Amino acid sequence: MTENLQPTIPDQTPTGKTNKTFMSSLTNILLPLGAVLLAMLVGAIPIAIAGVSPLDAYRELMIGAFGSKFGISETIIKSAPLILAGLGFAFASRCGLFNIGGEGQIYIGALGTTLVGITVYGLSPWLAMPLAILVGGLFGSFWAAIPGVLKARFGISEVITTIMFNYIGINLVAYLIRGPLVEPPGYFPETAELAKSTWYPMLFGSRIHLGILVAVLFSILIYILLWHTPLGYQVRAVGMNAAAAEYAGIKVKRNMIIAMMISGALAGLAGTNEMLGIQHRLIEAFSPGFGFDAIAVSLLGQNHPLGIVLSGILFSGLRAGAGAMQRAVGIPDAIVRTLQGLVVLFVVASTMLPQFIARIRSFRQEK
Amino acid sequence: MEIIFTSDFLINLFSAGVRLAAPLLMAALGEIIAERSGLLNIGIEGIILLGALFAVFGADFSGNAWVGALSAVITGAILGLIFAFITVTLGGDQVVTGTAINILALGLSTYLFRLAYGLEGSSHEVEFFRPLAIPVLAEIPFIGPIFFRQSLLVYLAFILVPITAYFLFRTMWGLSLRAVGDHPRAADTMGINVTRTRYLAVTAGGMLAGLAGSILTLSHLNIFVENISAGRGFIALAAVVFGQWSPVGAMFSALLFGVADAFQLRLQTISKILPYQLLATIPYILTVLALVGVVGRAYPPKSLGTPYLREGRGS
C-alpha cells in the first residue's frame, strides 16, 4: 500500500477563501444537513423494527440532549473530546492522511496527563495544569508520529498502522493501570487521583468544565494554523496533490510527519480533557469510542474547524440524549453510532452527487 | 517453560492457530479479489462483525447452521453492494466509505443484538459447525490433529485458497479483473466493463468477509458477543499486503497471525510473568512489523484506491 490515498476534501484550493463562491458555501451547509436528515430517515427503520415510533424516539433523543439544563450541560461536556479528536482527524485529512488511530492517541494522551497529575502534588495550578495539558498532547503526538514516520519513510499505509496502534495503546494503558501505575493497595485497575491543581475548574456553577473552552480555543488555533500560516499552506498543498507540492519545493515527507504529530496531539488532548475534566484518574474504557466518533464529526464538519465544532455538538447531543431515549422508549443507545455511520455514508455520497449528476448529463449530451 | 515444548502443547497450539487463521484467511481472500480490481475496502472489519451477528440470527431462527452461514453471506453481499455503489458509481472515497461501514456495523450489530437478546450478556447457544475429523488424514500423527480435525468452515477457507488463485491467475475472468485493477483505462478500451467487474469483485469480497464473520460465531464460539470481530478485519487487510496480494501468500500470513494469536492466548494461561494485556498486543505489533518487513517488496494493484470515471478524469 504505497500509493497515496486521497481523502474527500471539499472543493477548495490551497489558497482557500478567495475562490469560494456563494454556491459552494451554501452546499457546504446544505449537504451535511441533508446527510443528517437522510441518516435519521434510514435510522428510523431499525427503530421501527423495535416496535417504537421513530418520531417518539427522536423526540426523546432531542429532549434528552437539548431539552433541559442538565441535558444541555451534558451535551456541552461531551462535545469537548469530540471536537478535539475531530480536529485531529481533520488535520491529518488536510494533509491527505487518514489518522484512524484517534482512539489509541486519546488513551496515550490521557496516560501522559496522568503521569504529570500523579507527580505534581503541591505545584501551583498555573504550572501544574498547563504541564498536564502539554504532556498529554506530546504523548498523543508521539503515538501518531510512529505511523507518520512509517508512512513517510517507508510508504506503509497509515490506515492499517494507526488502527494497530489503537489496540496496542489501549492494551498498554490497561496493563499500566494494573501494574506499575496502580493505586496501592491495587484492588482496582486505576491510578491514584490526579493532583487537584491539574483539574479543569468548573464553569457557570454547573458541571461544565474548562475543557469546552480549551476545545474552542484549539479550533480557532487550528483554523489560523491551516489557513494563515506557511505550515498550514504546505500541509494543505501536500493533501491536495503531493506530487505537485513536491515539485513546488515543499518537503512532503516532513509535512506528513508534522501533520500526523499535530493530529495525534489533538486526539491526545481529548484524552487529557477526560482526565482533567471528568475522571481525575486513569481508568479503563474511559473513552466510549471518541476516537471513532471523531471521524464522523470531522467528515460531517467538512474537515473545517467551524464545521467540527457544530457537528461535535450535534453528535455529543445524540450521545447525551441516547441515555434518556433508552430509558424513555427502550431503544438501545447503540442506535446513535448506527446513525453516525449512516451520516458518514450519506456525507460521502452527497459530496459526490453534484459531480455524479454532471457526469450523467455530459454523458447524455454526447449521445 | 518446558511445558511449551511438549508435543501435546504444540499440537494444541498449531491446531488453534489454524482455527484462528481461518476467518482471517477467508476475509483476506475476499479482500484480495476486491483489491485486485482496484477497490480498497477497509469496511471488511464491519462486514465480518455484521456477518457474525446475522449468522447467529439465521442459525437461531432456523435451528440450522447452514442457514446461519447463508445469512452471513447475504449480509456481506449487501454491504459489498453499498460499498460498490458509493465508491464505483458515485466515485466516493474508498477509505472514508469503508470507515463509515465499520462505524455503522459496530452500531447496528450492538443495537440489533441488544434488541434481540437483551441489554446484557450474550446470545444463547445456536446450532454450529462441529469439528469434523477427516477419515484417514485425521489419523496422521501431528499433522492430523492440527489440520484435519477442524470444522467445515475452516476447511472451506483453506480450500478457497487454490480456487481463488486459479481464478485470479488462470482464467479469463481473473485476467480481466487484474487488468481492471492495474489499468482500468486500458481494460475499458479492451471492452472490459470496469464498473461491472468492480461491483462483482467487491460484492464477492463482502460475501467472503461475511462468511468469515460466521466462522467466529458458528465455528469458534457458538454465541455472539459485542464487537466480536475485534480488529480481525484490519489484520486481514495486513495479511493481504504481507501476502503480496496472492492467495497463497495470504494463507501463510493468516497462519502466522493465527498461530501468534493462539500463542498469546496460551501464554496468558501459563505465564504469570507477562501480563495478559501486554500479550494481547502481540498480534497487532506483529502486524506492524510484518508491514515494515515487506517494504520495497509489496506492490499493490496500480489503481488501488482510485476511482475510475469514464469521461477522462481519474486514471
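1. **Nonpolar core.** The largest nonpolar core in this predicted model holds 224 residues. Four residues have the most contacts inside this core: A:Val343, B:Leu25, B:Ala28 and B:Ala239. One of them is from chain A, and the others named are from chain B. In soluble globular proteins, nonpolar side chains tend to be buried together.

2. **Around B:Ala28.** What does B:Ala28 touch, leaving aside residues up to four places away in sequence? The partners are B:Ala236, B:Ala239, B:Val240, B:Gly243, B:Ala250 and B:Ala254. **Confidence.** The predictor gives the complex an ipTM of 0.90 and a pTM of 0.89. For chain B, the mean pLDDT is 89. In that chain, 94% of the residues reach 70 or more.

3. **The interface.** On the chain B side, 44 residues are in contact with 49 residues of chain A. Which element supplies the largest share? It is α4(B), with 15 residues. By type, the side of chain B that touches chain A divides into 30 nonpolar, 11 polar and three charged residues.

4. **Chain A, secondary structure.** Chain A has 13 helices and zero strands. Along the sequence the pattern is α-α-α-α-α-α-α-α-α-α-α-α-α.

5. **Chain A, dimensions and packing.** The radius of gyration of chain A is 21 Å. This agrees with a compact globule, because 367 residues would give a value near 21 Å. Along the principal axes, the C-alpha trace of chain A spans about 80 × 60 × 35 Å. Of its 367 residues, 56% count as buried. Take the contacts in chain A with a separation of 6 or more: 78% of them are accounted for by residues 24 or more positions apart.

6. **Chain B, secondary structure.** Chain B also has 13 helices and zero strands. Read along the sequence, its pattern is α-α-α-α-α-α-α-α-α-α-α-α-α.

7. **Chain B, dimensions and packing.** A compact globule of 315 residues would have a radius of gyration near 20 Å. Chain B has 20 Å, which agrees. Its C-alpha atoms fill a box of roughly 65 × 45 × 40 Å, taken along the principal axes. Buried residues make up 56% of the chain's 315 residues. Among contacts in chain B between residues at least 6 apart in sequence, 77% join residues at least 24 apart.

8. **B:Tyr199.** Where does B:Tyr199 lie? It is in helix α9 of chain B, residues 194-220. Is this residue buried or exposed? B:Tyr199 counts as buried, because it has 20 C-beta neighbours inside 10 Å. The cut-off for a buried residue is 20 or more.

9. **Partners of B:Tyr199.** Not counting residues up to four places away in sequence, B:Tyr199 touches B:Ala84 and B:Val88. B:Gly80 is 119 residues from B:Tyr199 in sequence. In space, the two are 8.0 Å apart, C-alpha to C-alpha.

Definitions and conventions: Residues numbered from 1 in each chain as written. Chains lettered and ligands numbered in written order. Helix = DSSP H or I, 4+ residues; strand = E, 2+ residues; numbered from the N terminus. Rg over C-alpha atoms; globule rule 2.2 N^0.38 Å. Buried ≥ 20, exposed ≤ 12 C-beta atoms within 10 Å, placed from the backbone. Contact = placed C-beta atoms within 7 Å. pLDDT = per-residue confidence, 0-100. Core = buried A, V, L, I, M, F, W, Y, C linked by C-beta atoms within 7 Å. Nonpolar A, V, L, I, M, F, W, Y, C, P; charged D, E, K, R; others polar.
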